[in-house]
Amino acid sequence: MHKPPVIFMRFFRWFCRPELRTYIEGDLIELYNERLYEKGKRSADFCFAFDVFLLFRPSIIKSFRGLQPVNNPAMIKSYFTIGWRNLLRNKGYSIINIGGLAIGMAIAILIGLWVYDEVSYDKNFDNYTRIAQVLQNQTFDGQVETWGSQAMQLGAELRSNYSNYFDHVVIATFPSGHKLTFNNKTVNMTGSFAEPAIAEMLTLDMVQGTRKSLNGINGALLSRSAALALFGNEDPINKMIRIDHDFDATVTGIYEDLAENSSFAEYDVLLSWQIIGPDLEKRTGWGNSWFRCLVQLRENVSLSVASEGIKDAKLKRVLVEDDDVRFKPALFLHPMNRWRLYSEFENGVYAGGQIQYVRMMLLIGVFVLFLACINFMNLSTARSEQRAKEVGIRKSIGSLRMQLISQFFSESLLVALLAFIFSLMIVQSALPWFNEVSGKNLSILWQSLWFWLACAGFAIVTGLISGTYPALFLSSFQPVKVLKGTFKAGRNAFLPRKILVVVQFTVSVTLIVSTVIILNQIKFAQSRPIGYSINGIVSVPIRDAVVMKHYDVLRDEILKTGMVEEVAATESAITSTYTTNSGFDWYGKDPNRTEEFVTTGVTHEFGKTIGWKMKAGRDFSRDIGTDSSAFIINEAAAKYLGMKDPLGETMKWGTNGEWKIIGVVENMITQSPYNSVEPMIFFLESNRIAWVQFNQVNIKLSPDANAAEALDKIAPIFKKYDPDNAVEYMFADQEFGKKFDEERRIGNLAMVSTVLAIFISCLGLFGLASFVASQRTKEIGIRKILGASIPQLWQLLSKDFVILVIISCIVSVPFSFYFMSDWLTQYDYRIDISWQIYAVAWLGSIVVTLLTISFQSIRTALRNPVGALRSE
Amino acid sequence: MRKIPVAKYTSNKGFSDSGIIINTAFRKLLCSVRMKKYQLGEFEEVVMLTVGILYNDAYGVSIKKEIEQRLARKVSVGALQSALKRLEDKGYLKSHEGEATQERAGRPRRYFVITALGKRALEHTKTTRENLWKAIPEIALNPRFTG
């Protein structure tokens, strides 16, 4: 006789109500046999399965009553009551538990807020999914560089030949400070010249005027706050304002300030492209990538298609018009929702960016919270013997295991809830500090339903995670053993707890090592010899080109104050020389090389001002007229040129003629202190390269001069030649210091999370130690009577924990080594990970552990044995 | 098993008494809204009548076959069993265990018979139908077109 398919039979037996099971089963088998006889096995099997499937309906499926015993509110209430009483009875444990968990949760919430802010960046524009910036990959010397800037001709090109992809194409200048003047009142506002479609693209919320009003020849849109600053209560519409003392513009519209967490947050003024466009068109070509090109995709065009489609848009044009072909420009689109988090490119492909910090922060948050959960697990299971009797009695009067599990879950939920309330308080009080460290303006989203839902979910999940192990462990006791009094958690019961402690300390030690390495790396870079002197150098940015026309007189006057050693003007700021040029040729140059040099125009006294060190040759001199066609190069450039003795050699610079190398200076750190020094060329201001724009006047103050006094004397001199602009100062050492901000921020972050991780881990260890000590009171009493000394007892009680910490130290080595080597590779100039770093971290963690547990173990060891042994 | 609206219990003390009071009241309210004395769906009616036809031989497979044969419609085991369970819960049918046979692999049959309440329910359904039939005006069923 054949049997119906087993899985369906089993499935049916599993779901069917027990009181109906045999009868329906009988019916099914009877039908099956009949069909088997009539239609064959296959058909019968199929019909059987179909019948079973149709039987799967509410009236046939058994009730969940047996599986879900706790829908009884009185019982749940009693669980919480018991849990609450337990918390009150063991105040010490409760404080450690709740405190640890609250700190962990507070960190997690803070990090959550931070991540939310990062992720929600640029999401506040209606069409943000369709907006993108056009970037270009160009190949220099085999290296692909990704530029965010484009030639202005690209705008017209995309509009006319690629219009099937785009709704809007906008060419704009990069945002910069603009002086807006109205009725003798001047305010400084950041903004851009942009083609009119930008208003539509950003869906500006217009307060006055329309988005179209940027179309005019000299229109200007102001943000509400900019309008308020400039006009006060006056009606700004159709008022004429002066921009940077160069152009006139008419205010044609006011828009609501843009959201703070967007890439356009600082845009306070948008100026019509017509103001500068026609003039620029005459002066620039495809080789001048000076502008930003933004596009908005058509509704049904996918980004990848458009990105692929415009790839050769520039190449096709430069083939006919320019010589930039050799850089092989390839265009692509960078969508707005990736601007913030994925902004770095390496060799033309995405190389992360801010997202790395987001990931790192998330990792830290999860770890810290996880450590706090481990504390909870350890302390609950450690106290299991105290609660074993309760479990035994509950079981013998009829509790199911499920009920006990839910009881312990409800206790852990209670703790999680309390911890959550405390964590909110901690977050609220730590936010100002956190905002300062992270450079953000975060606040608890009291009003957001989503925030509360997320928090509630988060508290529950934390409660469940930390409650799972204790609930399963505690509910597994056998009532007979427990109540007979022979219950002793065996060796195996300690193993999971030990593993958890090892995990905790592995994380902590890894964090300690990372922090030490980060701090060392920062210190290492800070103490890197920079090759010149930045102390006492003040830079005054040149806001009006007129200053350079009077440069010599200005310099004389500044020198006459007597508080200044030397003055020199430069093209770039000393601490950020990012102007580069190519088109150089020299004897012996590899023709395939697409070279690029950092080029800096200077005045004669530049070397003296910053105190550079000549390696060979001589400095620029006012007495030698031919110096106007001379280069001074740095060592890196000398090496790059590949000449044995570069002095006296000539270099050709595109259409700018021939230049003679008269000197080689030592390498100077003028860019990132972590990278190797780029090849640099210094040349004098002269008629040969009239297009070079001098942007800084650098002043070396006398060492004995008071900076404030000196500046008071210098400011009027600048005011005399540039009466319209306020005089601004930058101290070179401060500017240089800013280069470490990013790393310092990571260092701070790592330090804070390390301290917290150690604190939380030690909190747990403290709880465990005190528990173990209280358990072994009698043993220690007997040992004392038999003559054990206090150091022996201390050793006895501490040994176990110290061994665990040493294991963690060893386990943490591969993790920390892997992560930190990876982190360090981003720096050319970096430290090696040495054994000393590990030694320091290990020693530190062992000392901290000993301090934590010694408090308990020494207290126990000192106790009078009479008290310990009399207790029964 | 009675299903109790959970929301009633979230906050009160002495929940059990008031809970049941609310619950019975709720049921009464539902009944009065339906204004139905005997609930009998179309398929349920067919099943009951078939149980009647088969008299002492009404169990799962035989009922299924009888309906399939007489009404020329397919009946799934699931639909039939859940209808039988509903009818038994309502008290219109009662069941007793029968013999176990070879072709059922030793599983007993479960025979159904109509109870007195079930009989009244069937009669009620029948009379309501008849009353409805009678109430239909002649013209509605045999429309005649004049002119």
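Visitor: Among contacts in chain A between residues at least 6 apart in sequence, what percentage join residues at least 24 apart?
Guide: This is a predicted model. Take the contacts in chain A between residues at least 6 apart in sequence. The share of them that joins residues at least 24 apart is 77%.

Visitor: What share of chain A counts as buried?
Guide: Chain A has 28 helices and 26 strands. Its residues number 872. Buried means under 20% relative accessible area. The share of chain A that counts as buried is 50%.

Visitor: Is I243(A) buried or exposed?
Guide: I243(A) is found in strand β8, residues 240-243 of chain A. Its relative accessibility is 0%. The cut-off for buried is under 20%, so I243(A) counts as buried.

Visitor: The side chain of E157(A) makes a polar contact with the side chain of which residue?
Guide: E157(A) sits in helix α6, residues 153-161 of chain A. At 6% relative accessibility, E157(A) counts as buried. Beyond four places in sequence, its contacts are Y162(A), W286(A), A313(A) and R317(A). The polar contact between side chains, at 2.6 Å, is with R317(A).

Visitor: How many residues of the side of chain A that touches chain B come from α2(A)?
Guide: The contact takes 29 residues from chain A and 25 residues from chain B. In chain A, α1, α2, α3 and α4 each supply at least two residues of that side. The largest share comes from α2(A), and it is 14 residues.

Visitor: What area do chain A and chain B bury between them?
Guide: Carbon and sulfur atoms hold 62% of the buried area. In chain A, Y23(A), D27(A) and E30(A) lose the most area to chain B, together 28% of what that side buries. Between them, the two chains bury about 2200 Å².

Visitor: E25(A) forms a salt bridge with which residue?
Guide: Side chains of opposite charge can pair when their charged atoms come close. Between chain A and chain B, the count is four salt bridges. In the one formed by E25(A), the closest N and O atoms are 2.3 Å apart. The partner is R107(B).

Visitor: In which helix do D741(A) and R744(A) both lie?
Guide: D741(A) forms a salt bridge with R744(A), the closest N and O atoms being 3.6 Å apart. D741(A) is partly exposed at 36% relative accessibility, and R744(A) is partly exposed at 34%. The two are three residues apart, about one turn of the helix. Both lie in helix α24.

Visitor: How many residues apart in sequence are the parts that R110(B) and E88(B) tie together?
Guide: The side chains of R110(B) and E88(B) meet in a salt bridge, 3.2 Å from N to O. R110(B) lies in strand β2 and E88(B) in helix α4 of chain B, so the pair ties together parts whose separation in sequence is 22 residues.

How values were computed. Residues are numbered from 1 along each chain as its sequence is written. Chains are lettered from A and ligands numbered from 1 in the order in which they are written. This is a predicted model: local features need pLDDT of at least 70, side-chain atom pairs count only at pLDDT 80 or more; totals for chains, interfaces and linings use all residues. Side-chain values use heavy atoms; hydrogens and water are left out. Contact means heavy atoms within 4.5 Å. Buried area is the accessible area (1.4 Å probe) that two parts lose on being put together, summed over both. Helices (H or I, at least four residues) and strands (E, at least two) are DSSP runs, numbered from the N terminus. Buried means under 20% relative accessible area, exposed over 50%, partly exposed in between (1.4 Å probe, protein chains only). A polar contact is a pair of N or O atoms within 3.5 Å; within protein, one must be able to donate a hydrogen and the other to accept it, and residues adjacent in sequence count only if both atoms are side-chain atoms.
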